[in-house]
Amino acid sequence: MNLTGKELAAAIYKRLKETTSKPTVVFELEEGAAGILHSKIGGAFFVPEGMEAPKNTETGEALYLLAQINFEELPPMEDIPKQGLLQIFIDGKDDLYGCDFDNEANQKGWRIRFIENLPSAEEIRPEQIQETEWTEETSLPLESPTVYQLTGRREDQPVSINDYRFDEMLTKYCSDLIPEGVEGFFDLDDDEEMYEIFEEHDCQFGGYPTFTQTDPREYMDNEADVPEILLFQLDTTEGIMWGDSGVGNFFIKKEDLIKKDFSKVWYNWDCC
């Protein structure tokens, strides 16, 4: 085939959607009040009896709720919990938002909590609802204490352009479409057309990630150690800014998600 421009991009997108698609929950963000146990960005959070609000283990600073997902609110998907609340906390007194770029699984400056058995909202006592105070020093991707309720819809998403597996999948599944000698995305003359047609989502669970730089998983020595599941992604959008128009990602291995073991989740963010 001698396709170029939009025709080539459309043909590649169609082929990769047929061959590489993963189930994805795409979230719509709606500014306003959200219940203490609802899926949301920011705001107050539930602290179960016997637990304390999470802190940076080195500085002692209280962490901020970045997001939480109530699995009962998600469309049905394989390998995910049927119930429970996933809470993601990050540091708001650190320019890196608590991320350790030398050890992405180190939760000293951020934290994942999974509460499997939830009370009803009516059963939660006032002292079990906490919210980290915003001050002049607060530095977060969230530009204000505004809360966004998350509503998810189920989609099937093809491999994203900057997922570390894209070039491999391009040459594997599209060899009859791409010009001779093309070994990856940046060998294509029409890469701008590709950027326009491939779907990217601001906020999602599952599917394929997006990055402003490169996929850090590409540099892992052992393929078996790669956390292949996108647990949560929050991109820069109105009212949310990661550094200079960046994106934050959280990854988990499939076996750990099935076991509901969130102790080895990867946290990464990058920006322009």
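Lys260 lies in the loop between α4 (254-259) and β12 (266-270). This description refers to a predicted model. Although Lys260 is not a glycine, its phi is positive, at about 60°. Most residues other than glycine have a negative phi. With a relative accessibility of 34%, Lys260 counts as partly exposed, because that class runs between 20% and 50%.

Glu116 touches Lys260, and also Gln83 and Gly84, when residues up to four places away in sequence are not counted. Glu116 itself is placed in the loop between β6 (110-115) and β7 (129-130). Its relative accessible area is 31%, so Glu116 is partly exposed. Glu116 and Leu85 are separated by 31 residues in sequence, yet their C-alpha atoms are 6.2 Å apart in space.

## Other loop positions

Ser245 is found in the loop between β10 (229-235) and β11 (247-252). Ser245 has a positive phi of about 60° and is not a glycine. The relative accessible area of Ser245 is 32%, which makes this residue partly exposed.

Ala121 belongs to the loop between β6 and β7. At 44% relative accessibility, Ala121 is partly exposed. From Ala121 to Asp270 there are 149 residues in sequence and 36 Å in space, C-alpha to C-alpha.

Gln107 sits in the loop between β5 (85-90) and β6. Gln107 has a relative accessibility of 14% and therefore counts as buried, since the limit for that class is under 20%. Leaving aside neighbours within four places in sequence, the contacts of Gln107 are Ile112, Phe262, Ser263 and Val265.

In soluble globular proteins, nonpolar side chains tend to be buried together. The largest nonpolar core here has 36 residues, and those with the most contacts inside it are Phe205, Leu231, Phe232 and Phe250. Strand β4 (residues 64-70) gives the most to this core, contributing four residues. Apart from it lies another core of 20 residues, which includes Ile12, Tyr13, Ile178 and Tyr208.

With residues up to four places away in sequence not counted, Phe250 touches Leu66, Ile88, Ile90, Trp110, Ile229, Leu230, Leu231, Phe232, Val265, Trp266 and Tyr267. Val265 is also among the contacts of Gln107.

Helix α1 covers residues 5-20, which is 16 residues. At 1.5 Å a residue, α1 should span 22 Å, and the 22 Å between its end C-alpha atoms agrees with this. The buried residues of α1 are Gly5, Leu8, Ala9, Ala11, Ile12, Tyr13, Leu16 and Thr20. An α-helix has 3.6 residues a turn, so residues three or four places apart point the same way.

The axes of α1 and helix α2 (residues 166-173) are 10 Å apart, and the two helices pack at an angle of about 100°. That angle makes α1 roughly perpendicular to α2. On the α1 side the contact is formed by Ile12, Arg15, Leu16, Thr19 and Thr20, which meet Phe166, Met169, Leu170 and Tyr173 in α2. The residues of this contact divide into six nonpolar, two polar and one charged. Ile12, Leu16 and Thr20 are also listed among the buried residues of α1.

Methods
Residues numbered from 1 in each chain as written. Predicted model: local features only at pLDDT ≥ 70, side-chain atom pairs only at ≥ 80, totals over all residues. Heavy atoms only, no water. Expected span 1.5 Å × (residues − 1). Buried < 20%, exposed > 50% of the residue type's maximum accessible area, 1.4 Å probe, protein only. Axes fitted to C-alpha atoms, helices over the stretch in contact; angles between N-to-C directions. Parallel < 35°, antiparallel > 145°, perpendicular 65-115°, else oblique. Contact = heavy atoms within 4.5 Å. Nonpolar A, V, L, I, M, F, W, Y, C, P; charged D, E, K, R; others polar. Core = buried A, V, L, I, M, F, W, Y, C linked by side-chain atoms within 4.5 Å.
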